Amino acid sequence: HVFNNKSKAKSRPHASRKRPPSELRKIYMDTRILSNADGSSVVEMGQTKVVVAVHGPRSFSASSSAYDSELFHEEGILNVDARFALPFAIRPETVAMNQVVAVDGSSSSSSTTTQTPEEIELSSRVYDAIFSSLVQPALNRLFKSVLDVHLVVLQADGGLTSACIVAVSLALADAGVELYDLVPSCSVAISSNNPGIVCLADPTEEEIDDADGILTLAVLCSWNEVTFWNQSGRISVEASSQAMEMCKDGCINIHQCMRQCLLSKEKQQSIQSDK
C-alpha cells in the first residue's frame, strides 16, 4: 500500500527539497509479509526502510529476550530488539557496526548478539513509544511470557525512529495483540534561518544534518495522548510549538494510512478465504 501525503506549504522549504515543507514523503506499508512470524510489517518512508517481526506471546525459554527466564514475572514482557542490516542500512560516515541479525532474531555464526549503542537507543525509543498503546490488563495475563519484537533497519535516510514506531505498531496489530490504538509517529526538522523559522516535515538525513534541531512525536490519535516526545538541538519555544503542530498533522495523516493498510489487508484476506 503506497500513500502520498500532500498538504499546503506553511514555510520556506530546504534548498534541495522538492516537496512542500509540510508534505510527507511517499509512504509504503504492508503487513503479513513473513509466514514464520505471528505478526509482521514493512514500512518505507522515502528511502528509510524497516521490517518488523513479532513472535509470541511465548515462554522466556523460547525467547531471545535478555530478561532472566528463571524469574517469575507478574505480567507479560514486551521485548524490542532493533538491529541495523549491514552494510547498506547506514551511511558510510556512520560508525561501522559488525552485527547482522535475521528478522526472526536469529544470529549468524559470524555475528555477535551484543547490540551497539545506536541499536540499544533505538530499541529503547520504540519501546517507550509503543508500550503505552498495549492494553495493560491483557498484558498482565501473560504470566512468565514475552512478546518478542524484532526490528531490522534495511536503510536509514531520516525519520528512522518514526518509521520504526509505525512498523512495530502495525506488526503488533497484525499479530492480534490488544492495543488501545495504533501509534503513528512523525519527525520535523527545524532551522532558525532568516527570514524566520523553517520547519520541514518528515526530513531526509541531509535535511536533518542542516537543521538546528529535530522534533519527533508519537501519539495515540483516538486518545489525544502523546506516547513519545524527543527533541534535540537548540530550538526556541516558538519554533518548538510550530514543529509540534506540524508533527501532529503528520501523525494524523500517517494514522489514516495505517488504518487503511490494516483494513485493506483484512479485506484481501477475507476475499481469498471465500474462494
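**Starting with one cysteine**

Is C257 buried or exposed? At 5% relative accessibility, C257 counts as buried. Here buried means under 20% relative accessible area, exposed means over 50%, and partly exposed lies in between, using a 1.4 Å probe and protein chains only.

The model you are looking at is predicted, so local features need a pLDDT of at least 70 and side-chain atom pairs count only at pLDDT 80 or more, while totals for chains, interfaces and linings use all residues. Residues are numbered from 1 along each chain as its sequence is written, and side-chain values use heavy atoms, with hydrogens and water left out.

**The protein as a whole**

The protein has five helices and ten strands. These are DSSP runs numbered from the N terminus: helices are H or I with at least four residues, and strands are E with at least two. Of its 275 residues, 50% count as buried.

Let's look at contacts, meaning heavy atoms within 4.5 Å. Among those between residues at least 6 apart in sequence, 67% join residues at least 24 apart.

**Into the core**

A nonpolar core is a set of buried Ala, Val, Leu, Ile, Met, Phe, Trp, Tyr and Cys residues joined through side-chain atoms within 4.5 Å. The largest one here has 59 residues, and those with the most contacts inside it are M29, V52, L122, V126, L151 and I190. Apart from it lies another core of five residues, including A189 and L200.

Take L122 as a guide. Leaving aside neighbours within four places in sequence, L122 touches A82, F84, L151, V153, L160, T161 and C164.

Helix 1 covers residues 117-131, which is 15 residues. From its first C-alpha to its last, helix 1 reaches 21 Å, close to the 21 Å expected at 1.5 Å a residue; the expected span is 1.5 Å times one less than the number of residues.

Which residues of helix 1 are buried? They are E119, L122, S123, V126, A129 and I130. The buried residues pack against strand 5 (77-84), strand 6 (145-155), helix 3 (160-174), strand 9 (213-220) and strand 10 (225-233).

**Back to the cysteines**

With a disulfide taken as a pair of cysteine sulfur atoms within 2.5 Å, the count comes to zero. The sulfur of C257 is 9.2 Å from the closest cysteine sulfur, in C261, too far for a bond. C247 is buried too, with a relative accessible area of 0%, and its sulfur is 4.9 Å from the closest cysteine sulfur, in C186, also too far for a bond.
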